[in-house]
Amino acid sequence: MRKDDPPADGGPARTPEDATPADEAGEVRDDVTPGAGERGAGRRAVARVVTALAALLVFLALVAPDDLGHLTPAAFVRIPVEALVAVAVLLVLPATPRRVVAIVGGAVLGLLTILKILDIGFVSVLARPFDPVIDWPLLSAGLDFLRGSIGPIGTDATVVGVVVLAVALVALMIMAALRLTRLVVRRRIFATRAALVLGVVWITCALLGAQLVPGVPVAGTSATTLAYDHAVQVRAGLLDQRAFEAQVAADPFGDTPDDQLLTGLRGKDVILTFVESYGRSAVENPDLAAVVDPVLDDGTRRLAAAGFAAKSAFLTSSTFGGSSWLAHATFLSGLWVDNQQRYDTLVASDRLTFTSAFHRAKWRTAAVAPGTTGAWPEAAFYGFDQVYDFPKLAYKGPDLGWATVPDQYILSAFQRAERSAPNHSPVMAEIDTVSSHAPWPFIPPVLDWNSIGDGSVYTGLAAGAPPRDAVWAKGTPAVRDAYARSIGYAINSLVSYVETYGDDNLVLVFLGDHQPLSLVSGEGANHDVPITIVAKDKNVLDRISGWKWQDGLKPGPDAPVWRMDAFRDRFLTAFGPQGEPAR
């Protein structure tokens, strides 16, 4: 009998497409015994395990949620429509196109899985998914954080490991897709029936909106939705740049004469302080507020005793959990800067900023940026005469990783450099504190200001500090406690500075740049951050009476909430020639 003759039992003839020899891609068929005895049984068992693992890998890639909050066993009880469509397509294609589709499909699924992992990371830290157009620079910022936390060797090893795992994931997904494709063709009848039955179940669940986990439908389309959402993201990012350029150019204060800027603050030293990760959760989340609120209440009493008053409210930050420079740009420019593309567009412009307004009005302007260790070309855009980066701060204390310098040392170094002379020119400074930046390896006490010196005093204090990752190893309660204590230290440092060096001409504005990461702030936390203005001169706070901000350092639940990009214009209006009209 010729090989293309029908079999003697009258069954259907096997075509070359359906025949899948045992030696294809070096694979042993799991329905054919390659030999008798234990060796053949062992090979069949191995083949079946490998096939099962391939199916599991593809299934997980298709249905795994992209949000840790949905990562429960019930979330995996889903029918991925992509698998049903793939089976239907593979069954009708000839051998060669079928293999090409399997390879391409596996590669795409591998890349989508990497994208999903990035989404999980971004949602966990920044409370938003990864944007494939504008978020690549954030990976560099993440590496900087790692270097400060685990050192350069650990960071390099991590990068190599991540790259190897990413390549391996794509390769494994391609191999899994090829293996399952061969199985579908070998078991054509079973695969067809299973796809039809599951297709009916999928349609039924889709019509009923069946969900075992809220927001995670049983009739799954997560891979398709993921690809579509990110494609929309790409298009939106490309369109946003042109629209944002128009916003940058439309500056209501751009043509204001220099002598008409900030007339209500003439002769004042204005210190703008961004307190790292000081979010609304610090004053409202019970676990955090138990530590932070007493510090704020005590600070209010201490400042009042020194003759100072304070007004507080909330601003809604443009970022969450990180990317501090985006929040700084939003606050200083009066524009909503929530991604790197907008940031790059902004700093390439000549838009008036909060700080450059002071520069134009003849204040000496300075930036105290301990987290900056290299060139910072944006300083010219922001209008700074002087930048005190990490090298210029001349810190001689212990290496604290990313949180390079204790907050009190930062303030002490600024005082010596800019405000120690009795008749110094009015100065406007942006000071970025860093002690409240994760991973909080060392939270010092507030010291006598005369003992700060070059920072070597901290060497002994930090000698018994645990390793940088010790806090995280202890779990969420320890992480939240360390965060809250670091915020308390930052606030205490500022209050102590005002008590020690404050006078009638000091105006302090301090605010958070963003909320801490979700692990600390809690699931579903908003983007709000506290903001406070402190002054001894009553006329300063009278200028903002129309804002209806609350008294003291701690804004209450009913305090006003503005978007962060609204502050620049409101501030420049309030302290301009006409003052802020009552509202």
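Biologist: What is the average pLDDT of the protein?

Modeller: The average is 84, and 89% of the residues score at least 70; pLDDT is the predictor's confidence in each residue, from 0 to 100. This is a predicted model, in which local features need pLDDT of at least 70 and side-chain atom pairs count only at pLDDT 80 or more, while totals for chains, interfaces and linings use all residues. Residues are numbered from 1 along each chain as its sequence is written, and side-chain values use heavy atoms, with hydrogens and water left out.

Biologist: Over which residues does pLDDT stay under 50?

Modeller: Over residues 1-33, for which the model has 44 contacts beyond four places in sequence; a contact means heavy atoms within 4.5 Å. Where pLDDT is low, the predicted coordinates should not be read in detail.

Biologist: What makes K554 and D293 a salt bridge?

Modeller: The definition asks for a side-chain nitrogen of Lys or Arg within 4 Å of a carboxyl oxygen of Asp or Glu. For K554 and D293 the N to O distance is 4.0 Å, and the pair is counted as a salt bridge. K554 lies in the loop between β12 (550-551) and β13 (561-563) and D293 in helix α8 (residues 286-305), so the pair ties together parts that are 261 residues apart in sequence. Helices (H or I, at least four residues) and strands (E, at least two) are DSSP runs, numbered from the N terminus. The structure holds 19 salt bridges.

Biologist: Why is D293 called buried, and why does K554 count as partly exposed?

Modeller: Buried means under 20% relative accessible area, exposed over 50%, and partly exposed in between (1.4 Å probe, protein chains only). D293 has 14% relative accessibility, so D293 is buried. K554 has 28%, so K554 is partly exposed.

Biologist: What places K538 in the exposed class?

Modeller: Its relative accessibility is 59%, so K538 counts as exposed. Its salt-bridge partner is D542, at 2.8 Å from N to O; D542 has 36% relative accessibility and therefore counts as partly exposed. Both residues lie in helix α19 (residues 538-542), 4 residues apart, about one turn of the helix. An α-helix has 3.6 residues a turn, so residues three or four places apart point the same way.

Biologist: How do you know that the length of α14 agrees with a helix?

Modeller: The expected span is 1.5 Å times one less than the number of residues. The 13 residues of α14 (residues 407-419) should therefore span 18 Å, and the end C-alpha atoms are 17 Å apart, which agrees.

Biologist: Why is α14 described as largely enclosed?

Modeller: Because 11 of its 13 residues are buried.

Biologist: How many residues of α9 are buried?

Modeller: In helix α9 (residues 324-333), 9 of the 10 residues are buried, including H328 and F331. G334 follows α9, with a positive phi near 75 degrees.

Biologist: What makes a set of residues a nonpolar core?

Modeller: The set must consist of buried Ala, Val, Leu, Ile, Met, Phe, Trp, Tyr and Cys residues joined through side-chain atoms within 4.5 Å. The largest such core has 58 residues, and Y278 and F510 have the most contacts inside it. Helix α17 (residues 476-501) gives the largest share of this core, 12 residues. Apart from this core lies another, of 52 residues, among them V270, L315, W363 and V387.
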